[in-house]
Each structure stands twice: as structure tokens, then as C-alpha cells.
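I opened this notebook to record what I looked up, entry by entry.

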Amino acid sequence: MRVPAYIHRLKLAILLALALVAANQAAFAEEAQIRIGYPSGLNAQIPIIMDKAGLAAKHQLDATFTGFQNGPPMMEALVSGQLDAVITSPLPPIVLSSKLPGTIAIVAALGNSSHSLLVSKTSAAMQFADLRGKKIGVSFSTDSHLDLVMTLKQQGFDPKGDVELINIAPNELPGALENALIDAALVRQPQVLRLIESMGARAIHTWPFHFISIVRTEYLKKNPETVKRYLDALRASIFYVIRNPDESSRWFGEIQRVDPAIVRKVSVENPIYSHNTIGEVSVEITPKFREYMTERLSASYDYGFIRNNVSFESMIP
């Protein structure tokens, strides 16, 4: 029996439709891939929770996560195309934007924790003036370094002559202070609270330590919908921390080798964790944050952290 021609045409149409669906699904899966990097500070809490709680997958993201000790190697991985998005602090992207304008875009402001200039409990130092001629440990080319230089200048110090700044990796700063290899150390949370509780360290000065997320501009242009889902996943991760503080602190503590109880105590510093509903959680760039970034961009240039001036407008989509 001869099969009518319209049956053949129908079968062909069905096959073409199935092929189109498969092609669209493949394109969607490729578009949703995102490689996320994060450092060792408290700004790592959000991506760690995104990973552990499966929130990337819930927002249709095929995400991989990589931890770094600090900003410079993470920025290198981003520029080389090994990462698509990074959770970081302001200075590393500022330095990168000065060297390679237009490479990255700030897509989210994620609140802040803090970092403090600590001295041991036996130190006689009570204020900046008491540190003249002393050795201060700080990780160079970080926001801690910039904050320290800015404040030393405000206090009338010459950062290159009145004190000796020692370049020490973030994870090695607590040990250097504990072993009296330096007179003071600029340390990020949650290590600040750990040193205060374990060795009686005292804070000479405390600064806010801001968190942001950036993406490669090339990736953003090719994958705008994926970046939107990434921002939604960031908001969902923040709200997960709010609703599940004990579990979130435990996950962060396990990966970063910090007592979860300390993580829980210092997490509340971040105002972004103070909301009652996910609708209140915002990662938008606010006028206040714009003002803060403009000040840091100016200071970075004035104090030699960058060689070329950078405008904030060049760093946002």
C-alpha cells in the first residue's frame, strides 16, 4: 500500500522540529555554562553556598567553582579565559581595568564585612601614632593595602618611611602576628575575630571590606541571559545564608578551615544579610556604592596602585 505524500511531509516536519529542539537545548546548555572564582575571605561565603545548596543548578546554570587565596591569581585566571565571573573586592578589578581597560564589568555589589589592623595583647600600641617605626604586615595590592596607605596618609605618616610595610600573604598574616614576626597585621574577617578570641589581639583600626562580583565583558556580551540568571542565583544564595545561618557557616568553615561559630558571628556584619524576604535582597549598584568606588579609584591612582586613571563608568555594563 502506497503511503500518501503528506505523511512523508509530516514525518519530515516532525524530524526537523525535533532537530531544532535539540539544537536549541544544546545552545541553551552551552550558554548556561559559567565558571566562578572566589577568594579566601568572607566574600567566598556566597559562592560556596551557591555551590553547596545547588542554587546555581536551580537557576539553570551549569556552574563550576574555584577558590583562590587572593585577588591577583584570580584576576589572571579571569583574563586568560579560565573564569567567567569572580566574587572579589574592589581593588583587583581596579588594577585590572587600569592595565586592560574594558576587560571586566562590575555586575553586583554584595555588601561588606570588615578588616582590622591588629596588635598583640602585649603591645603598648593603642593608636596609629604608636606604630611609627614599627613593622606592619599587609598583603600588597589588596584593598587592605590601599585602606592602610590611605589612613596612614590621613594620619600624617609617610607609608614608605615612618613605618615598614611587610608583604605577607593573607593566610600567613595571623601566624606572623602570633609569632611576633611583625608588630601589627591588617587581617580580614573571620580571622580578626579568631585572633581576638584566641590570642587576645586588639584592633587599632577597622575598615569596611566591600564585596563585588565582576564578569568578563566578552562573556557578558555573549551570554546576557546567563548573567541575569547568575545575578538571581547570587540573590538566592544571600537569602539562603539569611534563612540557614548555621548550615551556611558550617559549609564555609569546612572549606576555609575556620570555626563555624566564628563565621556565624562575623557574618552578621554584612548588611546584605539583614533582610526578611528575598524580594528585599538587592545586588544593584547604588549611588552610595558609586561614590565609594569613585573615591577608591582616585586614591588608587594618587597613591601609585595604578598607573592609568580609571573612571567608574568604564567598569559597569
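**Entry 1. What I am looking at.** I note at the start that the model is predicted. I use residue numbers that count from 1 along the chain.

Entry 2. I looked up the partners of β1, which covers residues 33–38. I found that β1 pairs with β2, residues 62–67, in the parallel sense, over six bridges. One contact I wrote down is Ile34, whose bridge partner in β2 is Ala63. I then found that β1 is also joined to β3, residues 85–88, by two bridges. These two strands run parallel as well. Here I noted Ile36, which has Ala85 as its bridge partner in β3.

Entry 3. I moved on to β5, residues 135–138. I counted four bridges from β5 to β6, residues 164–167, and the two strands run parallel. Gly137 stands opposite Ile166 in β6. I followed the chain from β5 through α6 to β6 and recorded this β-α-β crossover as right-handed. I also found two bridges from β5 to β7, again with parallel strands. On that side, the bridge partner of Gly137 in β7 is Ala185.

**Entry 4. Salt bridges.** I looked these up with a general point in mind: side chains of opposite charge can pair when their charged atoms come close. The count for this model comes to 15 salt bridges.

I began with Asp84 and Arg35, which form a salt bridge with their closest N and O atoms 2.9 Å apart. Asp84 sits in the loop between α4 and β3 and Arg35 in strand β1, so the pair ties together parts that are 49 residues apart in sequence. Arg35 is partly exposed, with a relative accessible area of 31%.

Next I checked Arg216, which forms a salt bridge with Asp84. Their closest N and O atoms are 2.5 Å apart. Arg216 lies in strand β8 and Asp84 in the loop between α4 and β3, so this pair ties together parts that are 132 residues apart in sequence. Both Arg216 and Asp84 are buried.

Asp143 is in helix α6 and Arg296 in helix α13, 153 residues apart, and the pair links distant parts of the chain. Both Asp143 and Arg296 are buried. I also noted a network: salt bridges that share partners join Arg35, Asp84, Arg216, Glu218 and Lys222.

**Entry 5. The largest pocket.** I turned to empty space; rolling a probe the size of a water molecule over the atoms shows where it is left. The largest pocket holds about 470 Å³ of space. It is lined by 33 residues, and the closest to its centre are Ser40, Gly41, Pro170, Asn171 and Arg188. I listed the elements that give two or more residues to this lining: α4, α6, α7, β7 and α11. By class, I have 15 nonpolar, 15 polar and three charged residues in the lining of the largest pocket.

**Entry 6. The second largest pocket.** I recorded about 390 Å³ of space for the second largest pocket. It has 16 lining residues, with Ala109, Gly111, His210, Thr286 and Phe289 nearest its centre. Which elements supply at least two residues of this lining? They are β4, β8 and α13. The largest share, four residues, comes from β4. The lining of the second largest pocket divides into eight nonpolar, six polar and two charged residues.

**Entry 7. The cavity.** A search of the whole structure finds one cavity of 30 Å³ or more. The largest cavity has a volume of about 50 Å³. Its lining includes Leu42, Gln45, Asn112, Ser113, Phe211 and Tyr273. The elements β4 and α12 give two or more residues to the lining of the largest cavity. By class, I wrote down four nonpolar, five polar and one charged residues for this lining.

Key:
This is a predicted model: local features need pLDDT of at least 70, side-chain atom pairs count only at pLDDT 80 or more; totals for chains, interfaces and linings use all residues. Side-chain values use heavy atoms; hydrogens and water are left out. On a 1 Å grid over the protein atoms alone, a cavity is a set of points where a 1.4 Å probe fits but cannot get out, and a pocket is an open set with protein on both sides within 12 Å along at least five of seven lines; lining residues have an atom within 4 Å of a point. Grid points are joined across faces, edges and corners, and a volume is the space filled by probe spheres set on the points. Ala, Val, Leu, Ile, Met, Phe, Trp, Tyr, Cys and Pro count as nonpolar, Asp, Glu, Lys and Arg as charged, and the others, Gly among them, as polar. Two strands pair if DSSP finds at least two bridges between them. A salt bridge is a side-chain nitrogen of Lys or Arg within 4 Å of a carboxyl oxygen of Asp or Glu. Buried means under 20% relative accessible area, exposed over 50%, partly exposed in between (1.4 Å probe, protein chains only). A crossover is right-handed if, with the strands pointing away from the viewer, the path from the first strand over the helix to the second runs clockwise.
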